[in-house]
Each structure stands twice: as C-alpha cells, then as structure tokens.
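Visitor: Could you walk me through this one? I'm new to reading models.

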Amino acid sequence: MGKATKYVSKQPDENGFIHWSDDEHQIWHDLVTRQLGCIKGRACDEYIQGLELLNLPVDRVPQLAEVNKVLMKSTGWQCVEVPALINFDRFFKLLANKQFPVATFLRSREEFDYLQEPDFFHEVFGHCAMLTNPAFAEFTHTYGRLGFAASKEERVYLARLYWFTVEFGLMRQQGERRIYGGGILSSPGETEYAMTSDKPIYKVFDPVDVLRTPYRIDIMQPIYFEIDGIQQLFELAHQDIMSMVHQAQSLGLHAPLYPPKNKEQVGEYV
C-alpha cells in the first residue's frame with residue numbers, strides 16, 4: 001500500500017460520475033467477458049448470486065453509484081473512491097465503516113493479464129459480489145474494526161488473514177473446490193493455477209495457521225486455505241481473533257514456501 005504506482009485514479013465530477021474513455025470501456029468489456037468464462041463452474045454460489053444481484057454492465061465500465069445501490073440494499077456496504085494506493089489506517093477505517101475502497105483506474109492494455117495494483121476491475125468484479133453476502137460482509141466489517149484498533153505489529157499478522165480469505169480464499173461446496181477470494185476471481189492465471197494445477201498446497205482453514213503463513217504478492221500462491229463454507233467466516237467474525245493473533249505472534253511464522261525476491265530481501269516476508 002505504500003509502493004509507488006504509475007496509475008492515477010479518475011476523479012468523479014460534481015455528480016459523482018466518472019468519465020471513462022472508449023478504450024477503457026473496451027478494456028472492461030474484454031476483462032469481464034474473459035473472466036466470466038474462466039470462473040464458470042469454479043466460483044462459489046455466493047459469488048454467482050452476488051454477481052446476479054449486481055448485474056454489472058459488460059459493454060461499459062459501471063458507475064460506483066450503481067454498485068452501491070445494490071450493496072446498500074443487501075448488506076449496508078458502500079464502495080468509496082480512493083487514490084490508487086492508500087495507507088493501512090485509511091484502509092482499516094473504511095472497512096470498519098462498511099466502506100470498501102475502490103481505486104478508480106483501469107489497467108492498461110499492456111498490463112491486461114496482470115498488475116500488482118488493485119484496479120477498478122479487481123475491486124468491483126473481484127470483490128463486490130461477495131460483499132452482497134451477509135456472512136462475508138460481517139467478517140469484512142469485523143476485520144476492519146479489529147485492524148483499525150490494532151498495533152502496527154498486529155496489523156502485519158491480520159494482513160495474512162485478509163490475504164488468505166478475502167483475496168485468495170477457497171471453499172468446499174457440495175464436495176467440490178470453489179473460489180471466493182477476489183484476487184483469484186479477477187485473475188485468469190490465478191484461477192487456472194488454483195483450480196487445475198498440481199503445484200499449490202491446499203490446507204484446511206485454521207485461523208492461527210493462516211496468521212503464521214507468509215506470502216508474496218507478486219507470485220502465484222504456493223498455498224491456499226479452504227473454508228467449509230461461508231458460514232465459517234461468519235463464525236470467525238464472532239470469535240476472539242486478536243487472541244489468535246497473539247497466539248500466532250508467540251508461535252512465530254512458518255517457513256515461507258517460496259524464495260525471497262533477491263538477496264537483500266531475505267526475511268522480508270509479509
């Protein structure tokens with residue numbers, strides 16, 4: 001969140017309307033149509049139901065007001081336009097207020113397949129459908145409130161919980177593996193890798209185990225955690241997550257399942 005980015009979020013006009021270019025409408029169309037095909041039969045039921053509720057346009061970039069109307073009616077959440085990158089204080093405060101940060105820029109055609117920054121497509125297509133689900137919304141709200149009150153050291157551990165659920169979470173549904181994490185749902189490469197590759201390790205979701213598992217943001221995930229269903233996140237939201245954080249801190253991190261970026265970054269895991 002503190003890294004520089006070449007992207008700049010678009011500013012809404014006085015009516016809250018964001019003016020997207022014809023090229024951006026085409027990029028949105030191409031991203032959505034490709035990913036809809038990719039996640040078919042792989043996304044969890046809650047995501048598909050949320051996507052139907054949102055009824056996102058395919059031929060143009062949606063306006064946040066359209067998304068917010070559905071979110072407010074279903075769970076009381078709202079999307080809030082933010083710059084390309086925000087700090088953790090603002091991130092947690094927004095979630096604590098049932099506001100989901102959305103950077104109002106779209107990836108360039110040159111970075112069509114992958115970019116590290118969360119763009120409008122990632123945030124809206126990847127995350128907003130799940131936010132229509134009350135259990136998922138409750139978990140995200142609780143996470144925001146805990147994170148806003150947490151220390152800097154505690155936030156580092158909490159970041160892993162978000163990463164392995166909201167971003168890269170998998171679940172079992174009708175005995176099959178399904179996706180609910182927005183980082184997978186918005187990425188064709190990660191969708192294929194998570195669902196068809198024999199490389200990842202799949203682990204039963206255990207919160208303390210998750211909090212102890214380091215990750216890197218710029219690689220395919222070597223490990224995924226699977227919940228038994230969305231109700232498990234709702235139940236977790238009503239447990240003492242901070243005591244789990246303190247337990248994970250006392251136990252320490254697992255050894256990472258990937259190499260560091262370079263020699264200078266040994267030990268620099270999230």
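Guide: Helices (H or I, at least four residues) and strands (E, at least two) are DSSP runs, numbered from the N terminus. Just after helix 2, N55 takes a positive phi of about 50 degrees.

Visitor: Where do these values come from?
Guide: This is a predicted model, where local features need pLDDT of at least 70, side-chain atom pairs count only at pLDDT 80 or more, and totals for chains, interfaces and linings use all residues. Residues are numbered from 1 along each chain as its sequence is written, and side-chain values use heavy atoms, with hydrogens and water left out.

Visitor: Which residues are buried in helix 2?
Guide: E46, Y47, G50, L51 and L54 are buried there. Buried means under 20% relative accessible area, exposed over 50%, and partly exposed in between (1.4 Å probe, protein chains only).

Visitor: And how do they sit around the helix axis?
Guide: Viewed down that axis, the buried residues of helix 2 fall within an arc of 135 degrees, so they line one face of the helix. The arc is that of the directions from the helix axis to the C-beta atoms.

Visitor: What do they pack against?
Guide: Their partners include helix 1 (22-39), helix 3 and helix 5 (120-128). Contact means heavy atoms within 4.5 Å.

Visitor: New topic. Where is V61?
Guide: V61 is in the loop between helix 2 (45-54) and helix 3 (64-74).

Visitor: Buried or exposed?
Guide: V61 is buried, at 1% relative accessibility. Leaving aside neighbours within four places in sequence, V61 is in contact with residues including W20, W28 and F120.
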